[in-house]
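Hello,

Here is the structure we talked about handing over. My notes on it follow below.

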Amino acid sequence: MAVPETTDEQRAEEILDVFDTAFGELLAADPAAFQVKFRKMAASAFAFYRGTACLFYSDLERDRHGGPYLDERTGRVWIHGDLHAENFGTYMDSNGRLIFNVNDFDEAYVGPFTWDLKRFAASVALIGYTKALSDDQISELVRIYAGAYRERIHRLAAGAKYEEVPSFNLDTAEGPLLAALRSARSRTRFALLESMTEIRTTSAASPPAAAPSSWTPPPATRSWPPSTGTWRRSPTSRSYGLTPTGSRTWWGAGASGSARRACPPTTSCWRGTATPWRTTS
């Protein structure tokens, strides 16, 4: 059922009402975060559509119990909930295979299956307009998508197990999908970290006898460094301490060197947890 015609003013009021219901409390709690979100949404029609699933479902609420393809079964199935063209990507499946498939399931919902179809089709249309595709080209893309969806659901309904319906992986994908999978396979964790972080300073100071951040628990006795004492293992616990003069050892857990505490005068030491320091003879 089509959404009734409204004036621009009425539509603007509807949008504000939906936003107030969906985002009101969160907006009041963190206005700065939503300023960033709204700026991103203003970049394009698709960006606005992607960020306003709440508005989409407000418009489609009247279709919950109607439509030629909906009955008591098809109107209550698990749907993705936010199925648009940018919610697809590469990841490892439960068998450890790299696949290309739909992702981002935090909006999953029990509702009419047609909602997923309509939301994806609208996203294809908006991206098509952005890329200056003709209406005929966009319509053809939507038909291809709907046909593929029908074929996959038919195979599952006919008794095929999910494992028997091949996903897009390095063995089955072609063209741009295969290129995307190969690109994902070549990425490393370090490259991902580098793409998401920015180094603003390259200097850091550490106490002379501080253990390095990559410290690995040493053997029973290890010099570190020669001028400051000897690392020794506690005879009563799984911890390590520094004996600067041979008279006393100050013990601390040997997990890391992220936290430090000053030792008595003329000595230095470190600890890796909040466990209190103790002395041994």
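**Second pocket and its lining**

Helix H4 contributes the most to the lining of the second largest pocket, with 3 residues. The model is a predicted one, and everything below should be read as computed from it. The volume of this second largest pocket is about 350 Å³. It is lined by 17 residues, of which Ala 53, Cys 54, Tyr 57, Gly 81 and Glu 107 are the closest to its centre. By class, the lining has 8 charged, 6 nonpolar and 3 polar residues.

**Overall**

The protein has 281 residues, and 30% of them are buried. Its secondary structure consists of 8 helices and 12 strands. Taking contacts between residues at least 6 apart in sequence, 49% join residues at least 24 apart.

**Helix H5**

H5 covers residues 113-130, which is 18 residues.

The buried residues of H5 are Phe 113, Thr 114, Trp 115, Asp 116, Arg 119, Phe 120, Ala 121, Ser 123, Val 124, Ala 125, Leu 126 and Gly 128. They pack against several helices, namely H3 (45-50), H4 (53-60) and H6 (135-157). They also pack against strands E1 (77-79), E2 (88-92) and E4 (109-111).

Ser 123 has 0% relative accessibility and so counts as buried, the cut-off being under 20%. Leaving aside residues up to four places away in sequence, Ser 123 touches Phe 46, Tyr 49, His 84 and Ala 85. After the helix comes Ala 132, which has a positive phi, near 65°.

Within it, Tyr 91 has Ile 99 of E3 as its bridge partner. The hairpin has 5 residues between the strands, and Gly 96 takes a positive phi there, near 80°.

Regards

Key: Residues are numbered from 1 along each chain as its sequence is written. This is a predicted model: local features need pLDDT of at least 70, side-chain atom pairs count only at pLDDT 80 or more; totals for chains, interfaces and linings use all residues. Side-chain values use heavy atoms; hydrogens and water are left out. Helices (H or I, at least four residues) and strands (E, at least two) are DSSP runs, numbered from the N terminus. The expected span of a helix is 1.5 Å times one less than its number of residues. Buried means under 20% relative accessible area, exposed over 50%, partly exposed in between (1.4 Å probe, protein chains only). Contact means heavy atoms within 4.5 Å. Two strands pair if DSSP finds at least two bridges between them. On a 1 Å grid over the protein atoms alone, a cavity is a set of points where a 1.4 Å probe fits but cannot get out, and a pocket is an open set with protein on both sides within 12 Å along at least five of seven lines; lining residues have an atom within 4 Å of a point. Grid points are joined across faces, edges and corners, and a volume is the space filled by probe spheres set on the points. Ala, Val, Leu, Ile, Met, Phe, Trp, Tyr, Cys and Pro count as nonpolar, Asp, Glu, Lys and Arg as charged, and the others, Gly among them, as polar.
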